Structure formats: C-alpha cells, structure tokens
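The sequence and the model come first, and notes grouped by topic follow.

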Amino acid sequence: MKVLLLMTFLFGTALAYPQDDDGPVWGGSNNDDDDDDGGISSRVGNPQSSFGNCECVPYYLCKDNNIITDGSGVLDPRKKPVPSKEPGLSARLGPEGPSGCGPFHVCCTAPTTSTVKPYTHQCGFRNVNGINKRILSPNGKDLSEFGEWPWQGAVLKVEGKVNIFQCGAVLIDSFHLLTVAHCVYRFTLANAFPLKVRLGEWDTQNTDEFLKHEDYEVEKIYIHSKYNHERKNLWDDIAILKLKVEVSFGPHIDTICLPNYQENFEGVQCVVTGWGKNAYKNGTYSNVLREVHVPVISNDKCEQLLKETRLSKWFVLYENFTCAGGESNADSCKGDGGGPLACWRKDGTYALAGLVSWGIDCGSPNVPGVYVRVAKYLDWIAQITGRPVTDYWPRS
C-alpha cells in the first residue's frame with residue numbers, strides 16, 4: 001500500500017494530481033440473492049457473567065444454544081478497559097484470551113433461556129486482534145486482521161455484474177461515508193456508471209470471511225462546493241456519499257469518530273489503511289486490507305519538505321491539508337485515495353484526522369503524504385448529513 005495519484009509537470013508549477021483510472025475487479029455478487037447467515041443481531045449477545053448451566057462464551061462458540069467444543073478462535077472484545085497507550089499494529093491476545101464476559105459474548109444455555117441482544121454501535125473502536133483470529137490470519141507484512149478497522153469502505157464502479165475498485169472511503173454514520181472528490185467527481189456527470197460502497201471487506205479475492213461483507217448502493221454524491229476539478233490543485237478534495245439504505249452495524253462494520261474543531265494530531269503516530277498499490281512504479285494492488293503507521297507532521301515542516309521535491313521552492317501548502325509520513329516505504333499510494341488517516345486518542349477511540357489525497361510518488365524518504373484535514377470540514381459535513389457535529393464525537 002502506498003496516495004491515489006499520478007505525478008506530472010504542469011508547465012513549471014510541478015503540481016501533482018491523481019489519475020482517475022480504474023482499479024482491479026473485485027469479487028462479490030451484484031444482487032441480493034446471497035445466502036443469509038443469520039445476521040449480526042441474531043448472534044451478538046448480552047455481556048453478563050456465567051450462572052447455573054449458562055456459560056458466558058464468545059458468540060461464535062454458541063450454536064443452537066449449545067457450546068461448540070472443538071474451538072473456533074479468539075474474539076477481541078471492543079469494549080474493554082482503555083489502554084494507557086495505543087495498541088501496536090501487531091498486538092495479539094495472550095494464551096488465555098480475553099478475560100471476563102465481553103460485549104460479543106452470549107450466555108449459551110438451553111434454547112428457552114438464552115439471552116441475545118443486538119450489536120451496540122459506538123464510533124471509533126478498533127478490533128485490535130481482529131475477529132475470529134485463528135481462522136483468518138494474514139500472512140504478510142503490514143496486513144490487517146479481519147474486522148480490525150470496521151469503518152473502512154471501498155468505492156466500487158458497477159458495470160453489469162462486475163465490480164471495479166475505485167478508491168477508499170470511511171463510514172461516519174449509518175447513511176454517509178467520506179471520500180475524496182477527485183475519486184468520485186466523474187460519477188456526478190451525465191451517463192456515469194453507478195457506484196456502490198462495500199463495507200466489512202477484508203480479502204477482496206475471497207468470500208470465506210467469518211462475517212460477510214455488505215454492499216450498499218450510492219444514492220447521491222456531494223462534492224464540496226470549493227473543489228475545482230479543472231484546476232487540479234486538489235484544494236477541498238472531499239466528498240460525501242449518501243447511501244440508499246441504512247447500514248446495519250456489526251462487529252466488522254461500524255463508524256469512525258470525527259475530530260473536534262481544534263484537535264491537533266501533530267507528532268502522533270496514526271494509521272492509514274487501504275487496498276492500494278505497494279509501490280508507485282510497477283506496484284500491485286493488495287488483496288488484503290493493509291495498514292501502516294505514519295507520523296503526523298506540522299504543515300510548516302511538510303511545506304518545507306515538499307519544496308525540496310519537484311514542486312519547487314515556490315510551493316505553498318493549502319491550510320486545509322495535513323501531512324503524515326516521510327519515512328521510507330511507509331506511505332499511502334495509488335488506490336488508497338479517500339481512505340482514512342485514523343489517530344488513536346486517550347479515551348481509546350480513533351478519530352478521522354485525514355483522508356488520503358495526494359503525494360509525490362510513494363514511500364520516498366522525507367516526502368510526506370498529503371491528506372484532507374477533516375477538522376476543517378465539520379460544519380460542511382453536518383450541513384450535508386443533517387446531523388449535529390456532536391453526533392460524530394465519542395459518547396461521554
């Protein structure tokens with residue numbers, strides 16, 4: 001994985017801009033005839049201690065109200081004590097697994113007394129160890145666990161029965177996702193192919209994940225009014241996708257929190273995720289969702305570093321951008337556009353600091369990637385979605 005873009009010189013201005021081409025074909029049906037596996041609400045249980053013949057077990061160990069005795073993996077509960085520091089990208093549970101009875105457990109007993117409650121939605125919680133880790137385990141560097149980043153979405157162009165990957169997106173509420181305008185602008189024009197968003201995806205070439213991905217048709221695309229497609233400077237490179245139907249939240253599909261107006265992530269190691277290419281030249285798209293830590297840097301430092309590239313000493317960084325990265329081979333890249341730059345906070349939640357927008361090549365040392373600074377667009381987001389900004393902040 002490494003900012004959805006193609007570099008070119010524009011007569012001495014040397015500005016970079018993304019190429020609006022298509023990505024790989026993704027699997028998955030374009031109809032609603034897939035077999036139903038019971039749904040999230042029928043399997044997520046009430047967190048309570050064991051009593052009598054009722055044992056508190058992860059919900060995937062309970063079938064027909066009988067405990068499965070052959071073992072099916074380890075589930076990381078999302079509502080556990082907030083750690084004093086951000087869990088690492090390679091964090092793993094110990095041999096004893098989670099302690100107590102977490103929110104994804106059920107009281108597994110006789111059919112007449114089993115207590116089951118729907119999944120409880122809350123923004124910004126990462127499944128640190130993924131979901132059902134023992135069954136689904138990535139075997140490559142910087143690959144995420146299944147369900148680890150539940151707000152990650154993928155924008156797909158629908159051509160008949162074929163889904164063609166366009167860029168990333170991030171879920172912010174049950175009807176809306178954020179992405180970058182340069183990815184979806186052309187789909188607002190006449191005779192454009194329809195778009196849909198895939199949520200809960202992990203491995204794009206397989207359909208045997210523990211919980212199924214879900215596809216949602218895009219009803220409307222809102223491009224920021226100040227975005228200028230012709231100018232190609234990528235100022236105000238932000239768009240909102242409104243879905244036709246409401247999203248069903250679950251362990252592998254949920255929202256990220258938005259930042260506060262004055263929240264500053266400079267100096268914080270944040271995480272960027274996506275299925276983009278692993279190199280600017282001759283790179284390949286990733287089948288499995290990738291993740292990489294990148295440090296957020298100040299705009300002053302970012303502008304100074306970018307002046308050393310072909311952007312030249314005259315380059316001025318737009319204040320509504322934020323920058324992260326600058327370390328060798330640790331960056332977003334082509335195909336990651338619109339994906340989240342997620343930053344951990346001391347309350348245990350992740351905030352959306354930025355959206356992958358552009359850069360100069362991918363993963364070059366001392367060349368940071370550039371992201372849309374989401375905090376600058378909170379009022380616009382609230383205006384388009386019709387929700388108060390406070391709806392997008394963690395519950396107190």
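What percentage of the 396 residues in the protein chain do buried residues make up? Buried residues make up 56% of them, where buried means under 20% relative accessible area, exposed means over 50%, and partly exposed lies in between (1.4 Å probe, protein chains only). The model is a predicted one, in which local features need pLDDT of at least 70 and side-chain atom pairs count only at pLDDT 80 or more, while totals for chains, interfaces and linings use all residues. Residues are numbered from 1 along each chain as its sequence is written, and side-chain values use heavy atoms, with hydrogens and water left out.

**Overall make-up**

- The protein chain has three helices and 19 strands; these are DSSP runs numbered from the N terminus, helices being H or I with at least four residues and strands E with at least two.
- The accessible surface of the protein chain is about 17500 Å², and 48% of it belongs to carbon and sulfur atoms. Such areas come from the Shrake-Rupley method with a 1.4 Å probe, and for residues only the protein chains shown count as cover.

**The barrel and the helix across it**

- Six strands close into a barrel, in the order β14-β15-β16-β19-β18-β17, with antiparallel pairing. Two strands count as paired if DSSP finds at least two bridges between them.
- On average, neighbouring strands of this sheet are turned by 45° against each other, direction ignored. Axes here are lines fitted to C-alpha atoms, for helices over the stretch in contact, and angles run from 0 to 180 degrees between N-to-C directions.
- Strand β16 (residues 321–325) and strand β19 (residues 368–373) run antiparallel and are joined by five bridges. Cys323 has Val370 in β19 as its bridge partner.
- Helix α2 (residues 299–307) lies across β15 (290–297), β16, β18 (350–358) and β19. The helix runs at about 135° to β19.

**Strand β13 and its partners**

- Four of the five residues of strand β13 (residues 239–243) are buried, so the strand is mostly covered.
- Strand β10 (residues 176–179) pairs with β13 in the antiparallel sense over four bridges, and His176 has Lys242 in β13 as its bridge partner.
- Strands β12 and β13 also run antiparallel, joined by five bridges. Val218 stands opposite Leu243 in β13.

**Salt bridges**

- The whole structure holds 10 salt bridges, each being a side-chain nitrogen of Lys or Arg within 4 Å of a carboxyl oxygen of Asp or Glu.
- Lys196, Arg198, Glu201 and Asp215 are linked in a network of salt bridges.
- Lys196 pairs with Asp215, with the closest N and O atoms 2.9 Å apart. Because Lys196 lies in strand β11 (residues 195–199) and Asp215 in strand β12 (residues 214–223), the pair ties together parts that are 19 residues apart in sequence.
- Lys196 is buried at 6% relative accessibility, whereas Asp215 is partly exposed at 26%.
- Arg198 also forms a salt bridge with Asp215, the closest N and O atoms being 2.8 Å apart. Arg198 is in β11 and Asp215 in β12, so this pair ties together parts that are 17 residues apart in sequence.
- Glu201 and Arg198 meet in a salt bridge of 3.1 Å, N to O, and both residues are buried. The relative accessible area of Arg198 is 0%.

**Nonpolar cores**

- A nonpolar core is a set of buried Ala, Val, Leu, Ile, Met, Phe, Trp, Tyr and Cys residues joined through side-chain atoms within 4.5 Å.
- The largest such core has 74 residues, and Leu178, Leu258, Leu306, Leu317, Leu355, Trp358 and Ile381 touch the most other members. Strand β9 (residues 162–171) gives the largest share of this core, five residues.
- Another core, of 13 residues, lies apart from the largest one and includes Phe265, Val294, Leu341 and Tyr371.
- Leu355 is found in strand β18 and is buried, at 0% relative accessibility. Beyond its neighbours within four places in sequence, the contacts of Leu355 include Val170, Leu178, Ile238 and Val370, contact meaning heavy atoms within 4.5 Å.
- The C-alpha atoms of Leu355 and Pro340 are separated by 5.0 Å, although the two residues are 15 residues apart along the chain.
- Leaving out residues up to four places away in sequence, Leu178 touches several residues, including Val170, Leu258, Leu355 and Ile381.
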